[in-house]
Each structure stands twice: as structure tokens, then as C-alpha cells.
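These are my notebook entries on a structure that I examined element by element. The entries follow the order in which I looked things up.

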Amino acid sequence: MKTRLLLLSLLLAGTLGSFAQQEVPGRQNFGGNRPVITPLPCIMIATYDAEGTPDVMMAAWGGQCGYRQICFNLSEHKTTANLRLKKAFTVSFATKKTVVESDYFGIVSANDVPDKVHRAGFTATKSPNVDAPIINEYPLTLECRVVEMSESGRVVGEIVNMSADASILDTDGNIDLSLLQPVVFDSAGNTYRVVGDVVGDAWGSGKAIK
């Protein structure tokens, strides 16, 4: 048995060695240990537990993966247990105004502080569409049902409704990100940054190249 394990270890070492990282000339090379992928939205995932207590956690590893789908990767949390139980969640987004509370939701577990939503001074209303809470202090919310949840922690949700507070709507009734002021996670500096200015037209600016 020991001989087999030794041979397997040598084989794996040889296989991994064949994929050794090569430096790109003329650039600072960092390897693959701490990749910077930007922007990373600060996704606020809200769920109910078995007693109907609302919970919120911040996740940085996620985003839209289809026209009506959102996905994210989670390790084991109170939220993952709630997702398995309720098969539903809401997603909101950390904002400049709520950055302190949002960061608190990311560093404190509901396993240790069950009433952390209340402690943060936030309130919740039950979603009329899914078995999950809407956090009233976040002005933009997606109501979602779980459509996929893998053992590795990947969660995919279908968006069944989106609601927005009037405070973040423009004069035409559309969501205005300059009013929402969402923040993104800067993995290079370990900070939060506010989404910035408009710099071009989607599917339009590139038409200047002929």
C-alpha cells in the first residue's frame, strides 16, 4: 500500500510539474495564487432559517450568469444551510450608504449572532414571491429561487422578481446606479470602491472604429 501511495505521489508531482507557471516577459508576474478579477459586486444574500429568523451575508464571488440567473460560490455557512432548507433567497447590493452594515454581515456569522440583522439596525419584510426576506434598507432587491446547488458550493438562482425603491429611480422610472451607489470589492487593495462615472455607451462606443 505504501509503495502504491509513493508511486501515486511521484506521478502527481510529475504531472503538476509539467504545468509549472512560466513568467510573461516584460510584466510583473504574480502567479495564480491571488488573481485580481474586477469588478466583484458585493452581493448581499438574505435567507430565512427554520425559525423564520432573517440572515444576511456578503459574498464577493458571484454575479449574473444568465438573463434571469445569478450564481455565486459559498463555503459552508448558515446561509448555505438556509438555502438547502428554503430553496430561496434574495440578493441586494452593498452601497456607499450601507458599507459598514454590509461589511458587518460579511464578518459575523448568524451561527454566532442569530439576530445580527437586528443588531445592525436593519429590518426585513417577507418576500411575496419566495420564502426569503427583503432587507428594507437595501434599495434594490432580486427575489430568487434556487435552481442548482452543488456540493462544491456553487449556487445558481432564478430571478423571479426585482424591486427597487423610488429613491434610486430616474425621471423615466429606470434604475440609476449613480443614485444607488453600489460598491464593489477591490481584491487588489482589500477595500470597497463605489461604482464610478459613465465612460461610454454599451454596444455603441465601439462604432467609432471603422
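I took two strands as paired if DSSP finds at least two bridges between them. Helices (H or I, at least four residues) and strands (E, at least two) are DSSP runs, numbered from the N terminus. The model is predicted, so I recorded that local features need pLDDT of at least 70 and side-chain atom pairs pLDDT 80 or more, while totals for chains, interfaces and linings use all residues. Residues are numbered from 1 along each chain as its sequence is written, and side-chain values use heavy atoms, with hydrogens and water left out.

**Entry 1: strand E2**

I looked up the partners of E2. E2 runs antiparallel to E6, to which four bridges join it, and Ala46 stands opposite Thr90 of E6. E2 is also joined to E3 by six bridges, again antiparallel, with Asp55 as the bridge partner of Thr47. Five residues separate the strands in the hairpin of E2 and E3, where Gly52 takes a positive phi near 85°.

I then checked burial (buried means under 20% relative accessible area, exposed over 50%, partly exposed in between; 1.4 Å probe, protein chains only). Six of the six residues of E2 are buried, so the strand is largely enclosed by the rest of the structure. In a regular strand the side chains alternate between the two faces of the sheet. In E2, Ile43, Ile45 and Thr47 point one way, and Met44, Ala46 and Tyr48 the other way.

**Entry 2: salt bridges**

I searched the whole structure for salt bridges (a side-chain nitrogen of Lys or Arg within 4 Å of a carboxyl oxygen of Asp or Glu). The search finds nine.

Lys78 forms one of them with Asp49, the closest N and O atoms being 3.8 Å apart. Because Lys78 lies in helix H2 (residues 78-86) and Asp49 in the loop between strands E2 (43-48) and E3 (54-59), the pair ties together parts 29 residues apart in sequence. Lys78 is partly exposed at 22% relative accessible area, whereas Asp49 is buried at 9%.

Asp55, the bridge partner of Thr47, also meets Lys116 in a salt bridge (3.5 Å, N to O). Asp55 lies in E3 and Lys116 in helix H4 (residues 116-119), so this pair ties together parts 61 residues apart in sequence. Both residues are buried.

Arg145 forms a salt bridge with Glu158, with the closest N and O atoms 2.6 Å apart. Arg145 is in strand E9 (residues 140-149) and Glu158 in strand E10, 13 residues apart. Arg145 is partly exposed at 41% relative accessibility.

**Entry 3**

I traced an open sheet of three strands in the order E1-E11-E12, with antiparallel pairing. Its edge strands, E1 (40-41) and E12 (191-194), each pair on one side only. Four bridges join E11 (residues 183-186) to E12, and Val183 stands opposite Val194.

Which residues does Thr95 touch, not counting those up to four places away in sequence? They are Leu180, Gln181, Pro182 and Val183, where contact means heavy atoms within 4.5 Å. Thr95 lies in the loop between strand E6 (88-93) and helix H3 (99-107), and is buried at 3%.

**Entry 4: Asp176**

I found Asp176 in the loop between strand E10 (154-164) and helix H5 (177-180). Asp176 is partly exposed at 23% relative accessibility. Leaving aside neighbours within four places in sequence, Asp176 is in contact with Ile168 and Asp170.
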